[in-house]
Amino acid sequence: MNCPECRDWLQRRLDGETLASLPALEAHLASCPACRQQHQAAQVLLDGMRGLSKPTANPDLERRIVTRVLADRQARRERFRLRVWTTAALAACLMLMALAGYLWFPNKNKDPFAIKPPDKEPPAGPSLGESVQEARLALSSLTERLADKSKEQALMWLSFAKLPNPMGLPEQPLDPQTLSQAGQGASEGIQTVAHSARRAVNYFLRELPPLESSVKN
Amino acid sequence: MIDSDVVLVRRSLRGDAQAIQGLVERFQPEVFGLCVRLLHHRQDAEDVTQEVFLRIFRSLRRWDSSRPLKPWIMGITVNRCRTWLSQRARRPELVDYLHDTVASPPVDDAAELTREIQAALADLRLEYRSVFVLFHEQGLPYENIALALKKPVGTIKTWLHRARTEVLTRLQRRGMISEVNHELP
């Protein structure tokens with residue numbers, strides 16, 4: 001037996017195993033003072049622990065413990081029962097108060113238990129695509145109309161000023177109705193532009209966050 | 001026929017006074033023994049033993065019945081003793097004369113050795129003392145001590161080794177054993 005084996009044997013002994021002394025161990029202990037000292041120290045410790053008498057309590061202690069435990073259980077049960085009754089009484093009082101309030105102040109116009117119809121959702125505005133498409137159509141229509149009107153007005157002013165006609169446009173007679181139509185056309189064109197601009201501004205205002213929240217933030 | 005711990009616990013939870021008495025009877029010597037070793041004071045040990053059993057029966061529903069009962073009880077005992085010691089350290093000591101350390105004078109070498117070991121135990125840190133007493137006096141295996149103290153088995157082995165070394169060092173200082181040049185395994 002060598003020193004590690006001897007230490008292992010001693011460790012098992014300290015761990016409570018009952019081991020018979022081996023001749024190889026005795027021989028090693030006789031030749032190794034370090035292991036011999038360890039064994040002697042461990043033996044003293046184990047002998048001392050064996051001699052240690054277990055503390056014995058007062059014979060009355062067990063009865064006192066049982067009495068105290070039973071009393072504690074009884075007290076806890078009483079507390080639990082009291083808590084349950086208090087909670088039940090409070091709940092009953094609240095229900096009675098609610099019932100009395102309902103009966104004392106009847107509101108015949110409004111049934112509190114009536115099912116409220118769901119609120120109507122506000123109509124959704126036109127989407128971005130629809131707005132852009134509408135603006136595009138309005139602009140193209142306006143351009144066409146303005147082009148026609150400009151052509152008519154150019155002819156009118158050319159004939160009025162007796163200027164040469166470089167583009168060879170057909171001449172039109174100058175009368176008050178023609179002038180009125182030209183003015184009306186220009187007015188309609190401006191109205192269309194203003195309407196489209198208003199639509200665009202409304203769209204962007206709708207997309208912006210509310211003013212209050214943005215101020216708070 | 002002796003009821004198992006689980007049966008006794010179930011009956012206790014139903015309020016069976018006999019089962020409560022059975023559990024107290026079964027574990028009171030060990031709880032009290034551990035309290036005496038950890039507190040080193042007989043009167044305190046009796047008080048703490050009563051508190052330990054109150055706590056045991058209040059929290060018996062929380063015991064995991066798939067685990068052994070004794071380590072759970074010993075864990076509560078160690079915790080209660082730790083609290084008691086910390087409270088005792090804060091209040092002035094008025095009852096020195098009650099200490100068990102001044103027991104009857106030694107009559108022979110064995111009795112003196114026992115007395116020295118008790119004194120050495122009293123000087124140990126609470127963790128080392130708990131492990132030493134649970135292992136060497138109560139016979140709990142490492143795994144159950146680990147369960148009781150909620151520490152890994154490796155920590156328990158280390159603490160036990162240090163406890164043994166410290167006890168032996170004191171015994172050497174007191175001339176109970178010859179000088180040990182190498183530590184115990």
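Reply: Two residues are in contact if their C-beta atoms, placed from the backbone, lie within 7 Å. In this predicted model, the contact between the two chains takes 30 residues from chain A and 35 residues from chain B.

With that idea of contact in hand, we can turn to the helices of chain B. Two packed helices are described by the angle between their axes and the distance between the axes. For helix α1 (residues 5-13) of chain B and helix α2 (residues 17-39) of chain B, the axes come within 7 Å and cross at roughly 135°, which makes α1(B) oblique to α2(B). The crossing in which α1(B) passes α2(B) is left-handed. On the α1(B) side the residues are L8(B), R11(B) and S12(B), and they meet A19(B), I20(B), G22(B) and L23(B) in α2(B); by class, this contact divides into 4 nonpolar, 2 polar and 1 charged.

The next pair is α2(B) with helix α3 (residues 42-58) of chain B, whose axes lie 9 Å apart and pack at an angle of about 135°, and that makes α2(B) oblique to α3(B). Here α2(B) passes α3(B) in a right-handed crossing. Among the residues that meet are I20(B), V24(B) and F32(B) in α2(B), and V48(B), V52(B) and F57(B) in α3(B), and the contact of these two helices has 12 nonpolar, 2 polar and 2 charged residues.

Conventions. Residues numbered from 1 in each chain as written. Chains lettered and ligands numbered in written order. Predicted model: local features only at pLDDT ≥ 70, side-chain atom pairs only at ≥ 80, totals over all residues. Axes fitted to C-alpha atoms, helices over the stretch in contact; angles between N-to-C directions. Helix = DSSP H or I, 4+ residues; strand = E, 2+ residues; numbered from the N terminus. Parallel < 35°, antiparallel > 145°, perpendicular 65-115°, else oblique. Left-handed = near helix turned anticlockwise from the far one by under 90°. Nonpolar A, V, L, I, M, F, W, Y, C, P; charged D, E, K, R; others polar.
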